[in-house]
Structures are given as C-alpha cells and as structure tokens.
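Work through the exercises below with the sequence and the model side by side. Try each task before reading its solution.

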Amino acid sequence: MPSPVFPRAGLLAAALATMLVLGACSSDKDDVAAPPPPPQTAARIQVEVARTTHGIPHVRAEDYRSLAYGLAYAYAQDNVCMFADSVLTVRGERSLFFGGEARPRQRTGDEYGGGSGFMDLNNEESDFFFKGYLDIEQLRANYAAGTAEPRQLLEGFVEGYNRYLKDYAGKLPAACADAKWVRPITLDDMYLVVAEKALHASGQAFARDFVAAGRVPGATVSLAKAAPREIDASTLVAQLDKLNRQGFGSNALGVGKDLSANGRGLLLGNPHYPWTTADRFYQAHLTVPGRYDAMGVIIGGVPAVVIGFNKDVAWSHTVTFAYHFTTFRLALDPTDPIGTTYLYDGERRKMTSKTVTVDALLPDGLVGRRSKTFYFSHQGAVIVRPAAGMTWTAGAAYVLADPNRYNTRMLEQWLGIGTAGSVRALKDSLDKVVGLPWVNTVAADREGNALYADASVVPHMNADKFVNGCLLLQAALLFDGSRSACGWGQDAGAPPGIYAPAKAPWMMRTDYVGNSNDSYWLTNPKALLTGPAPLGFSPLYGRTGVEQTLRTRIGFRQMEDLLAQRSKLTLADMQALAFSNRVYAAELVLPELLTACAALSNELSRQACNVLQAWDRRANVDSRGAVLFREFWSVASSIPNKWANPFNPADPVNTPNGVAPAAMPAMLAALRDAAVKLQSLGIPLDARLGDVQVEPRNGVRIPLHGGNGNQEGTYSSLTMRTGLTANGYVGAHWGQSYIQTVGFDEQGPVAQAMLTYGQSTDPKSPWYADQTQVYSRKEWPVLPFTQEKIKVDPNYATMSLRE
C-alpha cells in the first residue's frame, strides 16, 4: 500500500477516502433509504503523526501504546534497515545470516552501521554475549513488576514497527530490500533493545572476557594448573579507563536566572555520540495530552525522549566519569574438580549456569551450530582476561558485577524527566527511580534554576571498602568476593546494591553548572564539589583534585571569558559557545612555540611557523592552520613534562599551562614532522579545515567544523573514521550529534537544535544529508513545539494511523 503520509493539500481527499472505507458515506438507489451503518467500534490504536522541517515527527495520541505505535512507524520510515540490524544483534542471530567470523558492518560511503558500536567482536562472539549475558525471563519479570507505562510504550512500538513492515512489504530501502533478516519483532525483542543500551559502560565493556569464560557444555574441564601471573595493574588502568569512557563524550551547560537575560533558565546540550551505529539519535516530539509532552531525541528506537525539553524544563546528558561495575575474586572450593563451587563467608555455594546455542551460516551455505555454557555467582558473570592475570584456576575465578545488567527502569526514568515541571521535580524523579545507566544530567527550568546530578547506576561501595582490605586491586576495581563485608551495600529507597542519588554528587544553582565528562568535582569553578566529610563520595564516582581534560577546561574558560564581557546571557550566546571552535591547546602552547620559531633555519619549519602565526586558532571550516596544528599536537601532546606551570587543584580551569623550556626542542621537531607529513600527502600547510575534514553524502564532500575534543581542547568535538590521508579526514565516526539550545519565554520553550547526521540512514531520503549541511553552515533550526507553530511549519505534513 502507498505511504500514508499526506501533504496538506491532500488531507481532504484522504479524509474522504477514510470516510468511504468506514462506511460513513451512503448513496441513494431507487429512492430507497440505505440502512443505517452498524455501530462503529473505537479503534484500539489512534495516533496522529505530523512531520515538520527536516522530517521531525510530532506524534500525538491519547495513550502511551498509540504514541509508541506512531513513533515506531515514523522511525521505521527513516531507519528500518538500521533498526532491523540492531534487533538481529540483540537476538544473537548475526551469525545465522552473516556468518560467525564476519564483523558487524560499519558504514562505508552511504551504508548504515550495523551491530553495537561498543563491542569489537565478530558475529559469533556478539551472539554468544547477548544470548548468554542477558536473561529474557528476568527482564520480563522486572517489567511486570514495574509501572505500566514502559510496557505500554514497548508494546505499542512493536505493533507500530510491524505495521510498517506490513505496509511497506517489497518497498524497503536498498540496504535491506528483500533481506530475510528484516522480520516482525516481539515484545521480548524490545526488552533486549532497551537492555543493550544499559550495558554500554559495563557488560559490553567486558563482552569478550565473558565469552572467553564460556565452556563447551558437557566437556571435561581442565582448569589452569599453574598459578596465574600477577595482575598487570598498569595495563588494567589504561584498559578500564578506556572501557569506562568508551571513547564517547558530551558537553552540557545549564544557566540560571542570575546570568540569564530574561531571568529564566538556558540550556546547551551537546552530546558526542555515534554517527553510524544504532546508537544514533532521532528527533521526535511525543505528546499524550495532559500527561506527557516532550521534544528532543530518542536513542536507537527506545520510545521516550532521552534528551530534550518540555514546556518548563530542558535537560541533557553527558557520559559520567563514574564506574558502573566492580569485579570480584572468588575463592573456589578446592574439593570441586571443575571449579564451579565458591566459598562465601565460609559457606559453599554452587555457581549457576546457562547454556546457549548459536547458529552460524557456513561458507557452503549450510548452517553450523555451536554451544557454550556460561557461569554466574550471585555477584555476577564469570569472566577471564588472561593478559591481565584474571584466569579461572582451581583456586580462584573472577566475576563482573554489573548493576545495569537488569536495569529495566530507564523508560520510567525518562518519562519522569520528560514530565517534570521544574528541575526540583526532575531531581525528585531521579531520586525515586534511579534509572539512568551511565549518564549525568544537566538541566535548567523556566524559573531560572540549573541542576547537575550524577544519578546514574553506581555500585554501592563506600570509601571505607577501598581501605579495609576488601579492595584487592584498585586498577581493576577488584574486590574480595569471598566476604559479604566486601560486597555491595544498600541505601534505603534505592534498588539493591546501588547508591541512592541523594548520596551521589549533585548541585542546584542559579548561576550555572556544566559538565564535559570529567569529574563532578569541577561542575562550577567557583564552588568545587567535594562530597560529604570525611571521605567524600565513593571513589567509584571518580577522582577529585586531578587535572581535567582540555575540553572541560575550554568549556569553563570560554564561559568565564564571555561573562567577563557581559553579565547576562541569551540563547545566541549559548549557540556561540557551542560553535566557538577555539582550540585550547593552541592557546596554551603557541605563544612560546612561535617565539621559538624565530631561531629556526629549516625552510619548511619556518613555513609551518608562518601558517600557525596566521591561523585564527579555531577549528572552523575556513580555518587555515588547524590541520597542521592537529598533526603537530597529535605527537606533541604526548611529550613528557611539557608544561612549564603544573596543575594546581585550586585553579583547575587554567592549569597546567606554558611550555617547559626543556620540552621545546621536541615541540619543534613535532612541528617539522607534521609539516613533512602534510607535504608528503600533497596537502597545503595552510589548507582549509573544511577542505580536509569532510563527511561524504551521496557523492558530496560536506565540510565539517570541530576538533578532536579532549586532545586538542575543542568544545565542539568530532572523531573522524580515518586519520589524515591524501583524501583528508573522511567521515565522522562519533562526536557532535544532537545539539540543542533551549530557553523559555511567557508562552513556553524557545528551542533551536540540529541533528548533525540527519534523521534518516537511507541515502534516498530527503532527510539523509540536509542537517549535515545545516551543521556545516552553523545554522540553528527553530523547533516548533506548540500545535499552532507545528501547523504553520512550511513543510508540515500529517498522517493518521488506526488499528
């Protein structure tokens, strides 16, 4: 059947057609009155979906099931291939269709990205992880025990997506046309889709270790006979930090009435998320009149606004610095020859097990089958990481304790945020539900209050457990798993084993708060947050009094510089901050570096110095010198002892700074090498950034502004899929995604925002590249929130869905 999207000019015809189908019209025949139509039964699903500029769906329904039905239909219109691929991943069926050794597809050219963006696994490993690590029975039980609205949303999403597949049978986009793996979904599938999002900073970070611990069912097990080598702390420090951050970042800034020009709150939300995987954001406006009215973005098919605004509050999230897991060392019972009995407070406990089977497409077209058995203590899943000394021997095993493994509270939490009438009410929702898996929250409201809170799911391990013999290795967050005294604690009113947000870092102010993924400690430079005496917050929330990233520092530096120029801020000021593209590393090192250039005799080095002298020290598309500096700083940033003035915890925004004289020769050598590299690639030393840093869309190289955030110190952050080649930096991997600025006036929210990669992954969609161009030009589309503004949008179109 044709798409049920009707332009305004076709609404009358569509309405008449609907009336005819329902039998609401009658005709006279031989002057005999037609019998009255039978009584009509009210439709079980009734939803209106209006589209405005850039394809944003405004979904309106009288109940949550219908709301999610309409959202799913619109989302599938734009991203059916990507979503079907992600469902295949969480089902553990990638191997069945693509082979076990293949890896989830990452976008090349105009393709969407497949699989999860958080795991470097082949298909078989991915399938074993999702089938083994998640327990659908437990997910069902948790949703059944929770509030009704999340289940209604998920049930409606299933029905709406399946309706789309029925309506568009035989007309899917080229990326998945006629693909056997595009199939109707079930409620269990949606439970798994949501569950996967919760695991990004915990279970998925250890996916390979979990799969490696699986055993062939029924086989005789030979445990390691030799004592394991000592755990490599330095390796784990780097690895766990990488796993905890996942390479992602975000900025958020909330301004209160003391600094706002109209006395109402202002919010800048700038998450740095994937451009190519199922974790892409999708703009939407979701309304159940009188109950829920929120606009912003959903993530990966999760049917609720996760970052956005309502009529009273605007909010954003940043990936928190906290850790969302611990590991435990189990003392195994020496009388058990297969090592599946452990000692806990001196008592013997048997591990539980789960055997799963993965079917895989073989090269000859047949299907092979493999099975693994996975084991669990009451603390969590058994893992092995031999390179780090975490092996399963006759005396010990290691488990991952993951409080997000069955966190089914996320939808309830985002509904609570989306219905809050103030930041105080938003904080109350965070305290009640405790459902955010791995993000901070920054918010501002129409009354002029600003909030920062890390209300994410963090294991309850007080500071005393890090010093009383429970902690075996801090680098691995490894605790003694043989004693209950070393296990997770409990807060009243919080889910088992995690902190109540009232005991977590948070701050409510009327000047401003901000976060760029660093420690909660630096939320406002004028009021460093240290936590309750004497030990502060749990070490799992992150370190205090330590050097912050350059991106965090430039965020606060540019805010303070702006406030030195004017005392009151507007939405335009927030937008200028978002896209200032200052390169803070350049501001810190170029004064001394360019002075040292005067003594150089090498001609190429002198040319490089001249380019940097003329550069505006920004990462705009027209900036000439940004490419040269990036290649220089990618090496120079690793020079040891490079700063003349060390970090000062009393001034974390401005220190460290200055180039140490002893580091200058290495700095100049790095500059010369960068110039040689550009010359060898045929790239001018003064190349425009926009000619080199590009996103290809349908054969067009779209210039991108922004820098490599944490390394270069740019607030606007982009990580490209390639390093520098003769073709440039080609294709955004992750970074600038949904960027929103929100304020309030007497009528409601005043919002401008963009989705940098656009609404659709289909190259034939009008919404495939439009907002990438918007981002390139630094335009700020106005978001229509009220019905009046939605209906006067120049690209307004609407459809009705009934069932």
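Buried means under 20% relative accessible area, exposed means over 50%, and partly exposed lies in between, with a 1.4 Å probe and protein chains only. This is a predicted model, where local features need pLDDT of at least 70, side-chain atom pairs count only at pLDDT 80 or more, and totals for chains, interfaces and linings use all residues. Residues are numbered from 1 along each chain as its sequence is written, and side-chain values use heavy atoms, leaving out hydrogens and water.

**Exercise 1. Arg582**

Task: Is Arg582 buried or exposed? Find its place and its partners.

Solution. Start with the place. Arg582 sits in the loop between helix 13 (571–578) and helix 14 (584–597). Helices (H or I, at least four residues) and strands (E, at least two) are DSSP runs, numbered from the N terminus.

Next, the accessibility. The relative accessible area of Arg582 is 14%, so the residue is buried.

Now the partners. Contact means heavy atoms within 4.5 Å.

Last, the polar contact. The side chains of Arg582 and Asp561 are joined by one of 3.1 Å. Such a contact is a pair of N or O atoms within 3.5 Å; within protein, one must be able to donate a hydrogen and the other to accept it, and residues adjacent in sequence count only if both atoms are side-chain atoms.

**Exercise 2. Thr722**

Task: Which backbone atom does the side chain of Thr722 reach?

Solution. Locate the residue. Thr722 belongs to the loop between strand 27 (718–720) and strand 28 (729–730). Its relative accessibility is 31%, so Thr722 is partly exposed.

List the contacts. Beyond four places in sequence, Thr722 meets Gly728, Tyr729 and Val730. Its side chain reaches the backbone nitrogen of Val730 at 3.0 Å.

Thr722 and His733 are 11 residues apart along the chain, and their C-alpha atoms are separated by 8.6 Å.

**Exercise 3. Helices around helix 7**

Task: At what angle does helix 2 pack against helix 7?

Solution. Recall the method. Two packed helices are described by the angle between their axes and the distance between the axes. Axes are lines fitted to C-alpha atoms, for helices over the stretch in contact, and angles run from 0 to 180 degrees between N-to-C directions.

Take helix 2 (residues 64–91) and helix 7 (residues 187–198). Their angle is about 90°, and their axes are 9 Å apart. The two helices are therefore roughly perpendicular. Angles of 65 to 115 degrees count that way; under 35 is roughly parallel, over 145 roughly antiparallel, and the rest oblique.

Name the residues. Phe83, Val87, Val90 and Arg91 of helix 2 meet Asp189, Met190, Leu192, Val193 and Glu196 of helix 7. By class, this contact has six nonpolar, no polar and three charged residues. Ala, Val, Leu, Ile, Met, Phe, Trp, Tyr, Cys and Pro count as nonpolar, Asp, Glu, Lys and Arg as charged, and the others, Gly among them, as polar.

**Exercise 4. Aromatic rings**

Task: How many aromatic pairs does the structure hold? Examine Phe629 and Trp633.

Solution. The structure holds 38. The ring centres of Phe629 and Trp633 are 6.0 Å apart and the planes lie at 10°, so this pair is stacked. Rings of Phe, Tyr and Trp (its six-membered ring) pair if their centres lie within 6.5 Å; planes under 30 degrees apart are stacked, over 60 edge-to-face, and the rest tilted.

Check the spacing. Phe629 and Trp633 are four residues apart in helix 16 (residues 626–636), so about one helical turn separates them. Phe629 is buried at 1% relative accessibility, and Trp633 is buried at 1%.

**Exercise 5. Backbone**

Task: Which residues does a cis peptide bond join?

Solution. The bond joins Thr655 and Pro656, with omega about 0°. Pro656 lies in the loop between strand 23 (643–645) and strand 24 (657–659).
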